[in-house]
Amino acid sequence: MNTRKRRHLLAACAAGAALAATTVLPSPAVAEPGDDADVQVTVDIDEIDEPGVLAMSIAGDAVALSENGSTLLVRQFVGTLPTVTVTDTRDPDEVPEGAAWAVLGSATDFVGAAGQEPISAGHLGWKPRLLDGGDTGLVTEGEEVVTVLDEETQPGNNVGLVDQELLVSTFDSEAVVNDAYSVDADLYLRTPADVAAGEYASVLTLSLFE
């Protein structure tokens with residue numbers, strides 16, 4: 001065999017060896033069209049550790065007074081304040097030392113819809129009533145505030161709801177946390193018998209302080 005033929009034979013053998021080596025390697029996997037593959041994703045979410053709050057809510061935003069208990073000299077119109085609830089979701093260590101909270105109320109003058117002479121807020125009184133004071137005995141309702149027409153029965157306290165008057169309070173906020181307390185009040189408007197007829201409106205503002 002001459003040199004030229006020997007070179008062709010060796011080259012052919014080398015190519016065959018290289019081909020044989022490549023055919024024994026594993027082929028990469030190929031997904032078939034239309035196949036699905038799922039991946040489960042999970043997460044563990046902790047509750048947000050928020051501080052507690054002291055808050056007030058009112059069961060309604062309007063009271064319609066109706067005449068009841070009038071006399072020849074005084075006309076009286078009565079109604080009930082919607083239930084006021086004070087909720088405290090704080091822990092004791094979130095309450096400032098020595099703190100106390102209170103709900104106070106005051107009213108504007110009654111303004112006539114047809115331009116009648118206004119009726120002073122001093123003619124509006126209330127008698128707070130504690131509905132749920134909890135078990136500590138540390139939450140109490142405010143005293144009755146009578147009207148300017150009640151000087152004979154309660155002199156000195158017959159101011160009406162002109163200034164902020166106490167509805168409900170506690171002197172120890174820390175001792176009454178993690179609970180809710182509710183109160184309402186009897187409302188009464190007392191006017192002279194000759195008060196002008198017509199519709200009147202006033203705004204009673206309640207405020208929570210600590």
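Me: Which residues does I119 touch, not counting residues up to four places away in sequence?

Reply: This is a predicted model. Setting aside residues up to four places away in sequence, I119 is in contact with D109, F110, L189, T191, V195 and Y200. One of these, L189, is 70 residues from I119 along the chain, and the two C-alpha atoms are separated by 9.4 Å.

Me: Where does I119 lie, and is I119 buried or exposed?

Reply: I119 is located in the loop between strand 5 (111–112) and strand 6 (124–132). Buried means under 20% relative accessible area. I119 counts as buried because its relative accessibility is 9%.

Me: What do the contacts and burial amount to for the protein as a whole?

Reply: Among contacts with a separation of 6 or more, 79% come from residues 24 or more positions apart. Of the 210 residues, 30% count as buried. The protein has 1 helix and 11 strands, and the order from the N terminus is α-β-β-β-β-β-β-β-β-β-β-β.

Me: Which residues gather in a patch of negative charge on the surface?

Reply: The patch consists of D49, E50, D91, D93, E94, E97 and E174. Of these, D93 sits in the loop between strand 3 (74–88) and strand 4 (101–107). With a relative accessibility of 70%, D93 counts as exposed, since exposed means over 50%.

Me: How much accessible surface does the protein have, and what share belongs to carbon and sulfur atoms?

Reply: The accessible surface is about 14,000 Å², and carbon and sulfur atoms account for 53% of that area.

Conventions
Residues are numbered from 1 along each chain as its sequence is written. This is a predicted model: local features need pLDDT of at least 70, side-chain atom pairs count only at pLDDT 80 or more; totals for chains, interfaces and linings use all residues. Side-chain values use heavy atoms; hydrogens and water are left out. Patches are made of residues with over 30% relative accessible area and no salt bridge: like charges are joined within 9 Å, nonpolar side chains (Val, Leu, Ile, Met, Phe, Trp, Tyr) within 5 Å. Accessible areas come from the Shrake-Rupley method with a 1.4 Å probe; for residues, only the protein chains shown count as cover. A salt bridge is a side-chain nitrogen of Lys or Arg within 4 Å of a carboxyl oxygen of Asp or Glu. Lys and Arg count as positive and Asp and Glu as negative; His and the chain ends are not counted. The place of a charge is taken as NZ of Lys, CZ of Arg, CG of Asp or CD of Glu. Helices (H or I, at least four residues) and strands (E, at least two) are DSSP runs, numbered from the N terminus. Buried means under 20% relative accessible area, exposed over 50%, partly exposed in between (1.4 Å probe, protein chains only). Contact means heavy atoms within 4.5 Å.
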